[in-house]
Amino acid sequence: QTPTSGNGTTAPDSGDNAKPLPRAIAQLDDAAPHLFMVGRTREGKSETLKHLIGAERRVWYVTSKATDRVPEHWQGYRVGGPRLGEQMTWLLDQWEASLLNHLEGKDKDREWFVIDEAIGILQNLKTKGHKAIAARLAGFVVECVTSGAAVGSLVGILTQSGNAGPLGNDEDMLKNF
């Protein structure tokens, strides 16, 4: 049967009775709730993120870009410069305490931890003498990916490279994204 479009016109048949692709707004998959988004500079990663989870009530967002803007109800932070290690230590203290509350069942409300420019932040930590903090950040991501979804702690990683190696995470974990 030849499919028709929404305006009643007949769509051309491809010869193999293929059905047209369904149209839907992009959304997260419940089977892999964490978010790993890759794209070049100025290709819309941050804007797509806001579309996908902008309505979420609890979002921690960290970026190294001064131009980024987030919804007013998000907790957004820009990090960088000579105090990067101190800034990320403070943020990880907050994030790890929150994740622990989820893991212990004290907090049942969904919460997102988003790292924009994740590889850049990790590499800057390492090159500025903060390898232990970079390892701590990578460890936090691993813990969220392996244990967080079941307790409402979700991680989002935005980066300019699809190479997951610099993130310090095993490629098998990308199946959870």
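Reader: Which residues in H2 meet Ile121, Asn124 and Leu125 in H3?

Author: Happy to start there, and please keep in mind that this is a predicted model. Contact here means heavy atoms within 4.5 Å. On the H3 side the partners are Ile121, Asn124 and Leu125, and the residues in H2 that meet them are Leu84, Gly85 and Met88.

Reader: How is H2 oriented relative to H3?

Author: H2 and H3, the latter covering residues 118–127, pack with their axes 10 Å apart and at an angle of about 120°. Angles of 65 to 115 degrees count as roughly perpendicular and those over 145 as roughly antiparallel, with the rest, apart from those under 35, being oblique. An angle of about 120° therefore makes the arrangement of H2 and H3 oblique.

Reader: And what is the handedness of the crossing of H2 and H3?

Author: Their contact holds four nonpolar, two polar and no charged residues. As for the handedness you asked about, the crossing of H2 and H3 is left-handed.

Reader: How do H2 and H4 lie relative to each other?

Author: Helix H2 spans residues 84–103 and helix H4 spans residues 131–148; their axes come within 10 Å and cross at roughly 25°. Angles under 35 degrees count as roughly parallel. The crossing angle of roughly 25° therefore makes H2 and H4 roughly parallel.

Reader: How many charged residues are in the contact of H2 with H4?

Author: On the H2 side, the contact includes Asp93, Trp95 and Glu96, and on the H4 side it includes Arg136, Phe140 and Glu143. Sorted by class, the contact has nine nonpolar and three polar residues, and its charged residues number four.

Reader: Which way does H3 run relative to H4?

Author: The axes of H3 and H4 are 7 Å apart, and the helices pack at an angle of about 150°. Angles over 145 degrees count as roughly antiparallel, so H3 and H4 are roughly antiparallel.

Reader: Finally, how many charged residues are in the lining of the largest pocket?

Author: The largest pocket holds about 280 Å³ of space. Of its 15 lining residues, the closest to the centre are Arg42, Ser46, Lys65, Thr67 and Asp68. The lining has no nonpolar residues and five polar ones, and its charged residues number 10.

Key
Residues are numbered from 1 along each chain as its sequence is written. This is a predicted model: local features need pLDDT of at least 70, side-chain atom pairs count only at pLDDT 80 or more; totals for chains, interfaces and linings use all residues. Side-chain values use heavy atoms; hydrogens and water are left out. On a 1 Å grid over the protein atoms alone, a cavity is a set of points where a 1.4 Å probe fits but cannot get out, and a pocket is an open set with protein on both sides within 12 Å along at least five of seven lines; lining residues have an atom within 4 Å of a point. Grid points are joined across faces, edges and corners, and a volume is the space filled by probe spheres set on the points. Ala, Val, Leu, Ile, Met, Phe, Trp, Tyr, Cys and Pro count as nonpolar, Asp, Glu, Lys and Arg as charged, and the others, Gly among them, as polar. Axes are lines fitted to C-alpha atoms, for helices over the stretch in contact, and angles run from 0 to 180 degrees between N-to-C directions. Helices (H or I, at least four residues) and strands (E, at least two) are DSSP runs, numbered from the N terminus. A crossing is left-handed if the near helix is turned anticlockwise from the far one by less than a right angle, and right-handed if clockwise.
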